[in-house]
Amino acid sequence: MIKEYKTISEVAGPLMLVKDVEGATYDELGEILLQNGEKRLCKVLEINGGDVLVQLFESAAGINLKESSVRFLGKGTELKVSPEILGRVFDGMGRPADGGPDIIPEKSLDINGLAMNPAARDYPAEFIQTGVSAIDGLNTLVRGQKLPIFSESGLPHAQLAAQIARQAKVLDGGESKFAVVFAAIGITYEEADYFASDFRRTGAIDRTVMFMNLANDPAVERIATPRMALTAAEYLAFDLGMHVLVILTDITNYAEALREVSAARKEVPGRRGYPGYLYTDLATMYERAGRKKGYDGSITLIPILTMPEGDITHPIPDLTGYITEGQIILSKELYRKGIEPPIDVLPSLSRLKDKGIGKGKTREDHADTMNQLFAAYAKGKESLELATILGEAALTETDLKYAKFSDEFEKRYVSQGNDTDRSIEETLDLGWDLLKILPKSELKRIDDKLIEKYYDR
């Protein structure tokens, strides 16, 4: 029997203390009944004997300590799932936000799922085409990988996120079912409207599940939103056998909400005021992505975060880098040059790229051309710096060709706008076109047979 408690003793910001409670459990949902009949949700954060500390999902305004009561529901936060969630937009707590009907659930899943057991993991090995050359050609995304995008305030990471969500696909002749789970965390109303209208305009909404948490929503909802998205992804991947791409933007807003709750609980802060368990908390989310032995489906994760003040050593990008398999870094310098998307390919890295490319996956020349493009672009950047210091007259003829290659590479290969969807063949052919700027003798990282086959095509 559910008991009702009229023993609220204190409300402090987003927290509330209830005394003399029996049998409450960590993360259990509670319902606050106000004197005017209104109901508000809360969640158990801490239990000390009969004292239970709960976190409010909404404002504390209007809670009268004597007249209000709390009852605990005996379950955690759950998401109702069925195949009908595809094509729908939900708020940060999994409630329909598109004016459509409530989901008739096949099942209700606790959003606090478990990280995948390392012994049950299958190795990521299949290519996912995003249609973005700087990712597909040089920092390849592999099915089951966790590949974050590190951005800065003012850079177009929202447009890149929408572009990847629209264009991403698996190349197996249409045999596999592919879906996108898109979670926007702590964004403005304008950004939410941009994502929703863009997905509807392009038809991508039909294979997408969207979760929208706005900046004025409570902090506790912000903490729940990415877990809602990953729960939906687990259902689609492991119950329905789909290949799911999860995009979470912006993880920085999530970490700020975690810090806000931690400060309200008067916990001892860690680096830069973030809670000491930030690494563990992020890992419990990121490690839910991957491939499982014995299952057809997979979850590939792209978390997007804005680095405060562009600092890559800040705790959020720093800890994210430890948990994930690489990073795509956006550059302000390239953005000022008009390059879109402004992906800085040299410090970017996909640790699993070698597993998802080559004959039968992309094309036989992929690995060699990728290495040659990296090397040529790095040398071209050095030549441009040398020209800035010593003048062009100090450069050899080969150095000038490398400098030209560097400029053309940024303008034609990295920059492609937000609506261009390039196939992997187009990306590889474009790479060969650019390498023709250099003499054949400089292509030292490509097998002679491949040069013979592709260079003069």
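**View 1. The buried residues of helix α11.** Ile 424, Thr 427, Leu 428, Leu 430, Gly 431, Trp 432, Leu 434 and Leu 435 are the buried residues of α11 (buried means under 20% relative accessible area, with a 1.4 Å probe and protein chains only). This is a predicted model, in which local features need pLDDT of at least 70 and side-chain atom pairs count only at pLDDT 80 or more, while totals for chains, interfaces and linings use all residues. Residues are numbered from 1 along each chain as its sequence is written, and side-chain values use heavy atoms, without hydrogens and water. Among the elements covering these α11 residues are β12 (127-129), α1 (133-136), α9, α10 and α12 (448-454).

**View 2. Helix α9 meets helix α10.** Let's look at two of those covering helices. The axes of α9 (residues 366-390) and α10 (residues 397-414) come within 7 Å and cross at roughly 115° (axes are lines fitted to C-alpha atoms over the stretch in contact, and angles run from 0 to 180 degrees between N-to-C directions). The two helices are therefore roughly perpendicular to each other (65 to 115 degrees). Their contact (heavy atoms within 4.5 Å) includes Leu 373 and Tyr 377 of α9 and Tyr 402 and Phe 405 of α10.

**View 3. Helix α4 packs with helix α5.** Here α4 (residues 219-239) and α5 (residues 251-264) pack at an angle of about 135°, their axes 8 Å apart. That makes α4 oblique to α5 (oblique angles are those left after under 35 for roughly parallel, over 145 for roughly antiparallel and 65 to 115 for roughly perpendicular). Ala 219, Arg 222, Ile 223, Pro 226 and Arg 227 in α4 meet Asn 253, Tyr 254, Ala 257, Leu 258, Glu 260 and Val 261 in α5.

Key. Helix = DSSP H or I, 4+ residues; strand = E, 2+ residues; numbered from the N terminus. Buried < 20%, exposed > 50% of the residue type's maximum accessible area, 1.4 Å probe, protein only.
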